[in-house]
Structures are given as C-alpha cells and as structure tokens.
Amino acid sequence: MIAESHIDPNKLIMPIFVDETAKKPVPVQSMPGIYRQTVESLPDYLGQLVESGVKSILLFGIPSEKDEKGTSAYQEDGIVQESIRIARKESKLTVIADLCMCEYTSHGHCGILNGEDVDNDSTLESYGMIAQSYAKSGVHMVAPSGMMDGQVGFIRESLDRSGFHNIPIMAYSAKYASAMYGPFRNAADSTPSFGDRRTYQMDPRNSREAMVEIAHDLNEGADIIMVKPALPYLDIISKARESFDAPIAAYSVSGEYTMIKMAVDQGFLAPSAIDESINSIFRAGADMVITYFAEYLSKNL
Ligand code: PBG
Ligand code: ZN
C-alpha cells in the first residue's frame, strides 16, 4: 500500500537477438540464459514470452552478410525486417526495432566510415533508409541507437516523407561509451574491429551533457527518450526525470544482466537482487525499462 514504485510487465521491454546465420537457437556465451533466435524459432519463442506476460520486445538482427556500408541493414528481406513481419503476424506484442549499423558493417562501427572516422552525415542517409524499411515491415516503433548528431530529426523526416508519420521514435538520447555493452557485442557480433565508440557515444564522466543530448532529441521530435546504461547511471535518469516531462526509457544493458545473473546463478546473490535492481531504475524515475530479465520478471511477479 505504501510502495512508491513497483515493477509492471507493461513497462518492461525484452530485447531479442535474431540470427540469420544460425540453424537453431544458439546460447549467448556472455549472457547466461539468453539465446540468439532464428527465423524458424522466433514464433515459438514469442509465444513463450507472451505466456510469461511480456508485452513489448526490442529486436536486434545478426545478418548473414556484412559490408563496409552496412547495406544488409535496410534490405527488404533483411533479418530484422523479416523478424518484424513474423512478430506482427504471430503475436500482439509491441514491436520495437533497434536502428543501428554496427551489426551490419564489416568494421563493426555504428555508421559509414571516412578513413578511420565515422562520417556522421552520410550515416544519416542510411539510418533514414533503415527506418523506412522497418516501417514498411510493420514495426510499431523505431529505436535509433547510433548516437549520430541529428539522427532523430533525420529519421523523423524520412518516416514522415514516406507516409509513416504515425511511427514513433524511441531515441537512445543519453547513451554512454560504456564497458557494460561488452556481453552484448558478443551476442550481436558488433564489436568494432578497431578503435572504440567514444567519438559518438557519451563520456561516462559527464552528467550535464546528457541533458543537452536529451533536449536535442526532443527538439528533433523524439517521442520517448532513453538513458543507457541504467544501474551505473541512476543519477542521470533521476535528473532527466526532473528536467523533462517526456516518457523516459532506461536500458539495463547486457553487462548489468550478466553481473547479476551470474552472481544469482552461483548462489552469491539472492534472486531478489533482480527485482531490487530493476525496481531501483523505476524508483529513479524511468517510465519503462529495457531488460534481459523482462521474461523472468513478468513470469515471476
Ligand atoms: C548498438 C547497440 C548496442 C547496445 C544496444 N544497441 C551496443 C553498442 O553501442 O556497442 C547495447 C545493449 C546492451 O549492452 O545490452 N548500437
Ligand atoms: Zn551501433
């Protein structure tokens, strides 16, 4: 009766990896309990999620072909496009798709290279094409995660121009250059082959900069803003909550999942560590949380 915050399955989003190269679901080494699904296994897996009480998913794809320019990211029969169609046909889940290029480029960076640097503006053109192809496949919402300047405005334009003005944008607004993404890069096969992402992701030492990034995204038309990672950045979530009235999503990333999951599996932490940590993200002010524990929590609440 006096609890000020709680975990509601309606507010949880389950990330899903779909692998075009796999014949059957493959366990993700760095994330115990998480599998890369295949196009064939996806319908059953979605059924299992729905059964658990999951309402929303965030799709990531692992394509069979990668090239310099990440062209497999916007093909009509691409892995995410196909997965969107399956999810829309087979379920009533809210289908969100991560929009980036690091899984599709041969070099693993989130955009198109010019020499050793990611070229912000030519990357936007590709993001626009990805957004349109996701929308054509029936996605409910796109979630651009590449942290290119101006990406939200550019994608909004592209969607509007192609008649998809009703597709909202969940913007990865304050995304830090974090070591916490390590397990994900193994899951999604998106480790940069050289350098790092510090020229486009945020400096973990900064807080005010996050508010500037969020303000930009809202000005460009973001419908939902995001802070990522979550647990080491609860102060940023809290500050964003005080500063903005837009819905805030927090992404409790792969490293957060693996740390807690491994400690619980080993018996070093009680399973309530899972509820406690995800609840703390809501307490900090998040409206919704993307977490690899979404299935577990929805089932066990
Ligand atoms: C792609 C992307 C990443 C994550 C979500 N989208 C990885 C990265 O930026 O390297 C991380 C998610 C996680 O760690 O769970 N840009
Ligand atoms: Zn990326």
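This is a predicted model: local features need pLDDT of at least 70, side-chain atom pairs count only at pLDDT 80 or more; totals for chains, interfaces and linings use all residues.
**View 1. The largest pocket and its lining.** The volume of this pocket is about 360 Å³. Its lining is made up of 24 residues. Gly-33, Ile-34, Tyr-257, Tyr-292 and Glu-295 are the ones nearest the centre of the pocket. Two strands, β1 (12-19) and β3 (35-37), each give the lining at least two residues. So do three helices: α1 (42-52), α8 (254-265) and α10 (294-300). Sorted by class, the lining holds 15 nonpolar, four polar and five charged residues.

**View 2. Helix α2 against helix α3.** Helix α2 covers residues 79-90, and helix α3 covers residues 120-137. Their axes come within 8 Å and cross at roughly 25°. An angle under 35 degrees counts as roughly parallel, so α2 and α3 are roughly parallel to each other. The crossing is right-handed. From α2, the contact uses Val-80, Gln-81, Ile-84 and Arg-85. From α3 come Ser-133, Tyr-134 and Ser-137. By class, this contact has three nonpolar, three polar and one charged residues.

**View 3. Helix α3 against helix α4.** Helix α4 runs over residues 151-161. The axes of α3 and α4 come within 9 Å and cross at roughly 45°. That angle makes α3 oblique to α4. Here too, the crossing is right-handed. On the α3 side, the contact is made by Leu-124, Glu-125, Tyr-127, Gly-128, Ala-131, Gln-132 and Ala-135. On the α4 side, Gln-151, Phe-154, Ile-155, Ser-158, Leu-159 and Arg-161 take part. By class, the contact of α3 with α4 has seven nonpolar, four polar and two charged residues.

Conventions. Residues are numbered from 1 along each chain as its sequence is written. Chains are lettered from A and ligands numbered from 1 in the order in which they are written. Side-chain values use heavy atoms; hydrogens and water are left out. On a 1 Å grid over the protein atoms alone, a cavity is a set of points where a 1.4 Å probe fits but cannot get out, and a pocket is an open set with protein on both sides within 12 Å along at least five of seven lines; lining residues have an atom within 4 Å of a point. Grid points are joined across faces, edges and corners, and a volume is the space filled by probe spheres set on the points. Helices (H or I, at least four residues) and strands (E, at least two) are DSSP runs, numbered from the N terminus. Ala, Val, Leu, Ile, Met, Phe, Trp, Tyr, Cys and Pro count as nonpolar, Asp, Glu, Lys and Arg as charged, and the others, Gly among them, as polar. Axes are lines fitted to C-alpha atoms, for helices over the stretch in contact, and angles run from 0 to 180 degrees between N-to-C directions. Angles under 35 degrees count as roughly parallel, over 145 as roughly antiparallel, 65 to 115 as roughly perpendicular and the rest as oblique. A crossing is left-handed if the near helix is turned anticlockwise from the far one by less than a right angle, and right-handed if clockwise. Contact means heavy atoms within 4.5 Å.
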